[in-house]
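Please read the following report on side-chain pairs alongside the sequence and the 3D view.

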Amino acid sequence: MTGSWWSSAAVTHGLMALFAMGSWVSVNSLWVELPVVVSVLPEGWNLPAYLSVLIAFGNLGPIAVTITHHCAPGRLNERLVIHCIQVLAVVASILLAVFWSHTVMIVGEERSLPFLLFTFVLSFVCCTSTVTFLPFMFRYPPQFIRTFFIGQGLSALFPCIVALGQGVGKLECKTVNGTVKPEYLKESFPAQNFFWFLFVMLSISALSFFALTKRQTEYRPEALPQESDSAEELKNGHENHPFHNGGPPVSQEEQQVQREEQPPAQNFWTLRNIYLLALLAISNALTNGVLPSVQSYTCLPYGTMTFHLSVVFGNLANPLACFLAMFFVLRTSSGLGIVSLAGGVFATYLLVLAGLSPCPPLLGNPAGVALVVISWILFTGFFSYLKVVIGTLLHEEGHAALLWCGIAIQAGSLIGAVTMFPLINVYQVFSRAQECVDNCS
């Protein structure tokens, strides 16, 4: 009875979501906690720029994994790599919770070296997870990859909810000597406690993955060769082995018969697959790089409550859209194009609002608040659904397709972040609204 419950599909879905939660929870947590740490660390509001650069350097992990797959196919043990980066993330989160506020003197200036070092380690882990977690999902039927993306949505939702409970960014406008000035309220609990919460989430993710591998060994023997991809699989982008998504083990004789019965493997690099990867890269550039960089410019002119509502409901739309994909998968290229265009309409509106900051249209009107919140919800929902569907379709193309899926996600996210960094931090294209004053008089 216990074994039957433990090996049920519901438990697998739950463990899969918790495992996927650890993919980007570290970087998401660092971003939402920035308003707290910038008031303590010597870098101040230059920290977001440092964080963007460190995340960019974190892409050394995906580059190393991709080169290894290309130059030594079949030599990289994905399961072992996942265990290693998860342990690395857990250890880094412990050290971050203990030493985040410590500083050292470098060339006569005080620097938060421990915080920056552990931030880089966590960024490295998050970036590497994209090209290791997704290929590992090929061991499971397609419906589980949708659960995987739900878990990724939780990696943004949970830190956001905790940060809101902490009171991040709350302020009051107080009059001092006839001048109205913003006064930020003290948080409900310190940043150290938040980083311990990050440690708990990473530990749960690591334990969930360990449980998945144990269940796979005890109750569901792997039908898939652990790392038996041939050189041609990555070079040509197609599968040379008859994978069975978790079915019973197949003997070599049966595999040989199946190879003879199956038509020749098709080249992965078809126009449709290139189209899917391009959509995936664009959607991740917008959702992970471009729009998050300007969210404060789109929301804060309407008030801090508008910003909080946009963050919470936008992050809630992510797992809900992934849940919708559990029941309805849009497979046509034209349909996916329409979904991306719909998301693009709301992305364009939000970018226009950011460009018009601090005096966007309908300022002081409830309709303006409603429009910006709804736009964030629909923008996130459309592109979250698009990413899940494309991940599902690429899952059907094979193990190498999921590797390229991870590469497209990471490349798109990097391009979006790198594009926005100089516009915001160097050329200052966008103007921030000042708190407690009329910015448009």
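The report takes up salt bridges and then aromatic pairs.

This is a predicted model, in which local features need pLDDT of at least 70 and side-chain atom pairs count only at pLDDT 80 or more, while totals for chains, interfaces and linings use all residues. Residues are numbered from 1 along each chain as its sequence is written, and side-chain values use heavy atoms, with hydrogens and water left out.

A salt bridge is counted when a side-chain nitrogen of Lys or Arg lies within 4 Å of a carboxyl oxygen of Asp or Glu, and the count comes to 3 salt bridges.

| Salt bridge | N to O distance |
|---|---|
| Arg139 and Glu78 | 3.4 Å |
| Glu109 and Arg111 | 2.7 Å |
| Arg331 and Glu396 | 2.8 Å |

Arg139, in the loop between α8 (113–136) and α9 (143–166), and Glu78, in helix α7 (residues 78–99), are 61 residues apart; helices here are DSSP runs (H or I, at least four residues), numbered from the N terminus. Buried means under 20% relative accessible area, exposed over 50%, and partly exposed in between, with a 1.4 Å probe and protein chains only. Arg139 is buried at 3%, and Glu78 is buried at 0%, whereas Arg331 is partly exposed at 39%, as is Glu396 at 42%.

The whole structure holds 20 aromatic pairs, counted where ring centres of Phe, Tyr and Trp (its six-membered ring) lie within 6.5 Å, with planes under 30 degrees apart called stacked, over 60 edge-to-face and the rest tilted. One of them, Phe268 with Trp269, is edge-to-face at 4.9 Å centre to centre and 70 degrees between the planes.

Methods: Helix = DSSP H or I, 4+ residues; strand = E, 2+ residues; numbered from the N terminus.
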